[in-house]
Amino acid sequence: MIPRLHARAHSPREPLAEALGRPLSPNEGLTEYTVVAHWPGLDYYTPDDEQRTWTSVEWAQHLEDPYLEHPFAASPDDDRHAILHLDVRLHPNDRELTGPEWSETAHRFARAAGIEVPGAAEHGWRWIAVQGQPGRLDLIANLIHLDGTWRTPPADILRRLADEARRIEQDLNLIPVRTGTTQWSAARTVPTASAQLAGVLTQLADEQAGPLATVRGLVEHTAYRIARQPGAAGTDTAHRLELIARRLHAIQQDLDATAAHLAQPRAAAAPAAARRTAHRSP
């Protein structure tokens, strides 16, 4: 059993699609056989097992909600990449685990990662565990606490995950990782400068959780409240606020287009010598 920690992300949608091995769908309901575990507070959040019928898009939105509820929460590095994603893979020759075994494994890794605290069922951090592919479990969490604070994973999280994997192997009679092989890894890529800047612009333009979306929503809400006040002055002010909201939306679209342009790979520049001789006569 090998746990792998991915680089933190800004949205749970790509990690969830990777966990399922297919794109997210607004129509496909994920049962308890796919979402095998979740943060205990969800039982207080949606009683009567309502969450068992959620689609993959709705699960992603559920994990995104802390961004909307706490628009100013940020990490100690002042970023908003709050989505933690780890996957666990069994040895190819391991037996098939049962649903309860996958659920137990998910909760144990959630505690090892520091995102589930025993005895705090109705509080904590939103997370789900997905068993969408053979021999693989994915845990996806939002590090923004329900009270708006940011949860920083333990500094030794990789070691904790590896140690827990060894204990689970022993408890469930799984094939242990051989001495000398890689016991854990961090899937980290080094983006280019353009890709990093594109990521910043994408966050600003995000229609769901971006800061401009929050500002636009507040402006639209204020316009609605003012429009209900009696008098022509209130109507004029509400109209001005609506125009401001439209300009903010246009800015979001411009930022999104600019981010897409930055993210596109650029053709290699021609060598200097070739450029100097391009217009010479034969």
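Contact here means heavy atoms within 4.5 Å. This is a predicted model, where local features need pLDDT of at least 70, side-chain atom pairs count only at pLDDT 80 or more, and totals for chains, interfaces and linings use all residues. Residues are numbered from 1 along each chain as its sequence is written, and side-chain values use heavy atoms, with hydrogens and water left out.

**Stop 1: the whole chain**

Switch to a cartoon view. The chain has nine helices and six strands. These are DSSP runs, numbered from the N terminus: helices are H or I, at least four residues, and strands are E, at least two. Of the 282 residues, 40% count as buried. Buried means under 20% relative accessible area, exposed over 50%, and partly exposed in between (1.4 Å probe, protein chains only).

**Stop 2: the largest core**

Select Met-1, Leu-16, Trp-59, Leu-86, Ile-115, Trp-127 and Leu-139. These residues have the most contacts inside the largest nonpolar core, which has 48 residues. A nonpolar core is a set of buried Ala, Val, Leu, Ile, Met, Phe, Trp, Tyr and Cys residues joined through side-chain atoms within 4.5 Å. Now colour the elements that each supply at least two residues of this core, among them helix H1 (13-20), helix H3 (56-69), strand S3 (83-89), helix H4 (99-113) and helix H5 (157-171). H4 gives the largest share, six residues. In soluble globular proteins, nonpolar side chains tend to be buried together.

Zoom in on Leu-86. Which residues is Leu-86 in contact with, leaving aside its neighbours within four places in sequence? They are Arg-4, Leu-5, His-6, Ala-113, Leu-137, Asp-138, Leu-139 and Leu-161. Then look for a second, separate core of 12 residues, including Ala-198, Ala-205, Ala-245 and Ala-259.

**Stop 3: H1 against H3**

Show H1 and H3. They pack at an angle of about 140°, and their axes are 10 Å apart. Axes are lines fitted to C-alpha atoms, for helices over the stretch in contact, and angles run from 0 to 180 degrees between N-to-C directions. H1 and H3 are therefore oblique to each other. Angles under 35 degrees count as roughly parallel, over 145 as roughly antiparallel, 65 to 115 as roughly perpendicular, and the rest as oblique.

Arg-13, Leu-16 and Leu-20 in H1 meet Ser-56, Val-57, Trp-59, Ala-60, Gln-61 and Glu-64 in H3.

**Stop 4: H4 against H5**

Move to H4 and H5. Their axes come within 9 Å and cross at roughly 150°. H4 and H5 are therefore roughly antiparallel to each other. From H4, the contact includes Phe-109, Ala-112 and Ala-113; from H5, it includes Leu-161, Ala-165 and Ile-168.

**Stop 5**

Select Thr-34, in the loop between H1 and S2. Is Thr-34 buried or exposed? At 16% relative accessibility, Thr-34 counts as buried. Apart from neighbours within four places in sequence, Thr-34 is in contact with Leu-20, Ala-129, Val-130 and Gln-131.

Pro-23 lies in the loop between H1 and S2. Pro-23 is exposed, with a relative accessible area of 66%. Pro-23 and Arg-13 are 10 residues apart in sequence and 8.9 Å apart in space, C-alpha to C-alpha.

Finish at Asn-93, in the loop between S3 and H4. Asn-93 is exposed, at 61% relative accessible area.
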